Amino acid sequence: MNKFTRFVRQRKRVRQAVYQTDRNIMRSLVRTMLTLFGFVLLHSAAMVVFEGMSPWEGFWLTMATLSTVGYGDVSASSVAGQASTIFLMFLCGITLMTLLISDYVDYRIARRERIRSGHWDWNMADHILIINAPKYNRESYFHRMISQIRESGEFNDTPIMLLNEDFTDGLPDSLRQLGVVHVTGLASRPEDLDRAGAKRAAHIVVLARDEYSSESDSYTFDVSHRLFELHLGHKAIVECVDDLNRPRLKALDIRALLRPIRSYPEIIVRAMVAPGSELLIEDMFTHANDHTVRYPVWLEGERWADVVTAIVQASLGTPLAYVTKDGHVETHPDGESHIHAQSLLILVHTERTPTTKEVHRAIEHHFNTRLKDVEN
C-alpha cells in the first residue's frame, strides 16, 4: 500500500511540475531563495545582538541550524536568542528550505519530462535538422540513416535533431544512444521551426511524410517555402515523391531534391558529404536517364585502365566493375590491375544502350590500335 501511495504521489507531482512553465518555476525558486536569504540575515543579526557573537559566528550558527547539522560548537544561550532561533530558523527557515528543495525537484522533473516529450528548447547550433518522419518503419530508418551519418568522419560528432510529431512518448533508446534529440512539432509552424533552431542548423533534411503518396509533396512544399522565406533553401535537402513537383521546389533555391528511397537512406548522407553525388546515385536507381548493364566480355589479363579507355572513347558508357570468372564482382578496381573477367558492368545511357557486339568491337579496336602503335 505504501508503494502504491508513493507511486500516486509521484505521478501527481510529475503532472503538477510539467503543467508549470519554466518561468513560473524559476520565479518560485528565486522568490523562495530571496525570502530564505532574508531570514538568514535576520537570524545572523539576532545572534550578533542577543548573543554577542561576531558576524561570522552568527552566520555560521545560522547555516549549521538551517542545514540541521548542529555541530554544537556555538549556540544561542539567551532567551531572546533561543526564541529568535525557534521562530526564524526552526519554523520559517527550515520550512523555506524544504520549499526550495521542492521547487528545485519540480524544475528537474519538468525539465526531464519536456526533454522526453520533445518540448525542450535545446538552443542548438551547427546541427543537422531532420524534418518529418517516414510513415513506415521510422525507427529502423532513422537508426540506419543516423548510423551512416555518424560513420562519416565529417559528421561524427555533429548534433542531430528530429522535428516531427511521431515520438511524443520519447525517442527510442536505439536513437538516443546515437546522440539524437527531438522536438515535437510541425515544421509548417514558424514557432516550431524556431524552437528546432532551423536558422542555426548546418544542414536541413525534409523527408516525405509518405513515400508512396504524391499528396505528401504539398506539405513538403509548404515547409520548403517557409525555409525559402527564412533564406535557408541553400541548406535544405528535400524529398519529392512526384517528379512533376520538382520544378516548383527547385524554384525555392532548394540545395538538393531527391526521390524518397527508404531502403537507401545513405543517399541523403551523400548529399550532405559530397553535394552532387546524390544525383549520380539517384540516377542509378531509375531507368530514366542512365542504368547499369552487364555485358558478357571475356578478358585475359588486360589492364583495367585500357578497358575503361576503350569503352569511354567509343562513347558507349562508363565501366564501373567487372565479374571474375568465379562470379565475384570487383567494383572500382585499380587502373593498373590486370583483370581476368567474364563480364563487364557498364553505366550506359538509356536512350543509347549499346549492344554486346558494339562493346566487343570497341575493346578489340582499342587493343588492335595499341598493338599497331607498338609494332610501328
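The largest pocket is lined by 15 residues, and L61, T65, V74, S75 and A76 lie nearest its centre. A pocket here is an open set of points on a 1 Å grid over the protein atoms alone, where a 1.4 Å probe fits, with protein on both sides within 12 Å along at least five of seven lines; lining residues have an atom within 4 Å of a point. The model is predicted: local features need pLDDT of at least 70 and side-chain atom pairs pLDDT 80 or more, while totals for chains, interfaces and linings use all residues. Residues are numbered from 1 along each chain as its sequence is written, and side-chain values use heavy atoms, without hydrogens and water.

The volume of the largest pocket is about 180 Å³, taken as the space filled by probe spheres set on the points. Helix α3 gives the most to this lining, with 4 residues, and α4 supplies at least two.

Helices are DSSP runs (H or I, at least four residues) numbered from the N terminus.

| Helix | Residues | Residues in the α3–α4 contact (heavy atoms within 4.5 Å) |
|---|---|---|
| α3 | residues 55-66 | T62, T65 and L66 |
| α4 | residues 79-117 | T85, M89, F90, G93, I94 and M97 |

The axes of α3 and α4, lines fitted to C-alpha atoms over the stretch in contact, are 9 Å apart at an angle of about 55°.

Terms used
Axes fitted to C-alpha atoms, helices over the stretch in contact; angles between N-to-C directions.
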